[in-house]
Amino acid sequence: MVFDFGTLVASLNRLSTSDHQSVVSINLFVALICACIIIGHLLEENRWMNESITALVIGLCTGVVILLISGGKSSRILVFSEDLFFIYLLPPIIFNAGFQVKKKSFFRNFSTIMLFGAVGTLISFIIISFGATSIFKKWNIGNLEIGDYLAIGAIFSATDSVCTLQVLSQDETPLLYSLVFGEGVVNDATSVVLFNAVQNFDLSHINTSKVLELVGNFLYLFASSTILGVVTGLLSAYIIKKLYFGRHSTDREVAIVILMAYLSYMLAELFYLSAILTVFFSGIVMSHYTWHNVTESSRVTTKHAFATLSFIAEIFIFLYVGMDALDIEKWKFVSDSPQLSVQVSSILLGLVLVGRAAFVFPLSFLSNLMKKSPEERISFNQQIIIWWAGLMRGAVSVALAYNQFTRGGHTQLRANAIMITSTITVVLFSTGVFGLMTKPLIRLLQPSSKHLSRMISSEPTTPKSFIVPLLESTQDSEADLGPNVPRPHSLRMLLSTPSHTVHRYWRKFDNAFMRPVFGGRGFVPFVPGSPTEPSGQ
């Protein structure tokens, strides 16, 4: 065997060049993220703009510059990677949402959130899939199979829960925030479960048994993913409560909290469950138990660490989507028929509008039937805002579209290229137009803040709740429920006042069985220098 030194040198040079290009790309992306943060700060008081739209616009402008510099060959500096999105970027966003969510408001509206997030997504999935199949089969798009049409239904049923964080305020509109964002998280999980179920099933012969099997698989994934998230959160609380990491090192305490949060997501991926749903409920459980078991300094550190990681990941996603929107490889397949591309995008956008309206208004009516007090019901103006705010499509839709219609971020088929470009067009239009108009629409339709606070939330926004937000203020005492709340004596009464009766029983169970084992509010962690160790009560 003859050693070819020249070949080795050439290989090393190519490797060095590739490494340098990666360094340049990372430098540019970090600089762009910094620019998004700075510009977003300057536009903080602007009622139209938010960080998501700012990142999209900067991504588009950067794509144009790169396109011009490269002579029309490329508009991006990174190739889309599903692993990058689902394994690294999405977990901190969804976990922080569960960790920071106002639990009282979320669980008060839990039945409505599940109606919108699960049942509503199924309705939207059916309408979009049926509409796409009926219309696109008549057009000369290309070779799309039944699995592709069902995948389109799942792709465009996924709302953009990330952008919801930007356009809705948890303090100003707590009901709308808990409904739209809570639905968005469940919706994303449901869409991903539907997408995976469609890919794993033989769709060549669809019959009743296949449909029932699909529904059963969906319910199994939904329930098992939720249980896994709860179990992982409780495990982290138990470990920290029993081992008292904070007495030696708060670094270990913070590290175990962050790693256990990420472990919940990766375990769901390992067992082929819905990682989005798992990490969301893990965040809720960890905020209720684990967060109270750590030392005061670790509480502040973990709170800001999760919020910062989520913030950076959100900006990264929208920056990349804006930059990838001008990818020349995909657009060259539709350059000969731009009218067809516009028509496909318009039809998909119309199906999104119809699909969401088909469940928001009927399910809101159904939800209102279960609410005894008129003040707890969803008004028609609020239904319009819920419908409008949920029209935005984002990174989850893009990631699922890439999964279905590309291989390694590239596509060589005309039909697949049309679907990718149409998805990007719908994402840009919905985020730009619907996202820009959401805040003005809320100001136009939403009741006054005084009436809103009386109608929805009794949670104070004090300096204490700003420092230790919602994790302490949402743990209601028995007295908060009032002395005149009757105990339920029938199922009908339980359904008529679910937020009070379920909460009462949960608090009793939590205080009697859960907190003695897993800690939580009232648990005093061991602090170095204290005379005795805590009892955990």
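Arg515 and Asp510 are both buried, where buried means under 20% relative accessible area, exposed over 50% and partly exposed in between (1.4 Å probe, protein chains only). Their side chains meet in a salt bridge, with N and O 3.1 Å apart; a salt bridge here is a side-chain nitrogen of Lys or Arg within 4 Å of a carboxyl oxygen of Asp or Glu. The structure in question is a predicted model, in which local features need pLDDT of at least 70 and side-chain atom pairs count only at pLDDT 80 or more, while totals for chains, interfaces and linings use all residues. Residues are numbered from 1 along each chain as its sequence is written, and side-chain values use heavy atoms, with hydrogens and water left out.

In total, the structure holds 3 salt bridges. Side chains of opposite charge can pair when their charged atoms come close. One of the bridges joins Glu183 to Arg356, with 2.8 Å between the closest N and O atoms. Glu183 belongs to helix 8 (residues 174-200) and Arg356 to helix 14 (residues 338-369), so this pair ties together parts 173 residues apart in sequence. Helices are DSSP runs (H or I, at least four residues), numbered from the N terminus. Glu183 has a relative accessible area of 0% and is buried; Arg356, at 2%, is buried as well.

Another bridge links Glu296 and Arg299, at 3.6 Å from N to O. Both residues sit in helix 12 (residues 296-324), 3 residues apart, which is about one turn of the helix. Here Glu296 is partly exposed at 47% relative accessibility, whereas Arg299 is buried at 9%.

Turning to helix packing, the axes of helix 15 (residues 380-389) and helix 17 (residues 414-445) come within 10 Å and cross at roughly 170 degrees. Axes are lines fitted to C-alpha atoms, for helices over the stretch in contact, and angles run from 0 to 180 degrees between N-to-C directions. The two helices are therefore roughly antiparallel, a label given to angles over 145 degrees. The contact residues divide into 10 nonpolar, 2 polar and no charged.

Finally, the cysteines: the count of disulfides is 0, a disulfide being a pair of cysteine sulfur atoms within 2.5 Å. The sulfur of Cys34 has its closest cysteine sulfur in Cys36, 9.2 Å away, too far for a bond. Cys34 is partly exposed at 40% relative accessible area, while Cys36 is buried at 1%.

Note on methods: Parallel < 35°, antiparallel > 145°, perpendicular 65-115°, else oblique. Nonpolar A, V, L, I, M, F, W, Y, C, P; charged D, E, K, R; others polar.
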